[in-house]
Amino acid sequence: MVKKIQLNDEQWRTLVALHEAHTRRSPTDAISVSERLLSNGLVGCDRQGSKFLTEQGRERLNQGR
């Protein structure tokens with residue numbers, strides 16, 4: 001079980017936007033990600049600057065708002 005990190009509305013919308021972009025196979029470069037999401041391991045970034053949900057980020061998204 002992943003610790004449920006409390007997210008504000010903007011951080012939650014970012015997780016949802018990354019999930020939707022992955023589902024649609026859309027680029028994520030334009031999605032702004034807060035340092036908090038990166039530092040808590042919910043979001044990762046590849047060498048090209050594309051953002052993605054980590055396993056922990058997907059689990060947090062599945063926990064619900």
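Predicted model: local features only at pLDDT ≥ 70, side-chain atom pairs only at ≥ 80, totals over all residues.

User: Thanks! Where does Ile31 lie?
Analyst: Ile31 is in the loop that connects helix H1 (9-24) with helix H2 (35-39).

User: Is Ile31 buried or exposed?
Analyst: Ile31 is buried, because its relative accessible area is 17% and the cut-off for buried is under 20%.

User: And what does Ile31 touch?
Analyst: Leaving out residues up to four places away in sequence, Ile31 touches Thr14, Ala17, Leu18, Ala21 and Lys51. Take Ala17: Ile31 and Ala17 are 14 residues apart in sequence, and their C-alpha atoms are 7.6 Å apart in space.

User: Switching to helix H3, which residues are buried there?
Analyst: In H3, which spans residues 55-62, Gly57, Arg60 and Leu61 are buried. They sit on the same side of H3, because they cover an arc of only 100° around the axis.

User: What covers those buried residues of H3?
Analyst: The cover includes H1 and strand S2 (51-53).

User: What comes after H3?
Analyst: Gly64 follows H3, and the phi of Gly64 is positive, near 90°.

User: Last one: where is Thr54, and what does Thr54 touch?
Analyst: Thr54 is in the loop between S2 and H3. Not counting residues up to four places away in sequence, Thr54 touches Gly41, Leu42, Val43 and Gly44.

User: So is Thr54 buried or exposed?
Analyst: Thr54 is buried, with a relative accessible area of 19%, and the limit for buried is under 20%.

Technical notes:
Residues numbered from 1 in each chain as written. Heavy atoms only, no water. Helix = DSSP H or I, 4+ residues; strand = E, 2+ residues; numbered from the N terminus. Buried < 20%, exposed > 50% of the residue type's maximum accessible area, 1.4 Å probe, protein only. Contact = heavy atoms within 4.5 Å. Arc of directions from axis to C-beta.
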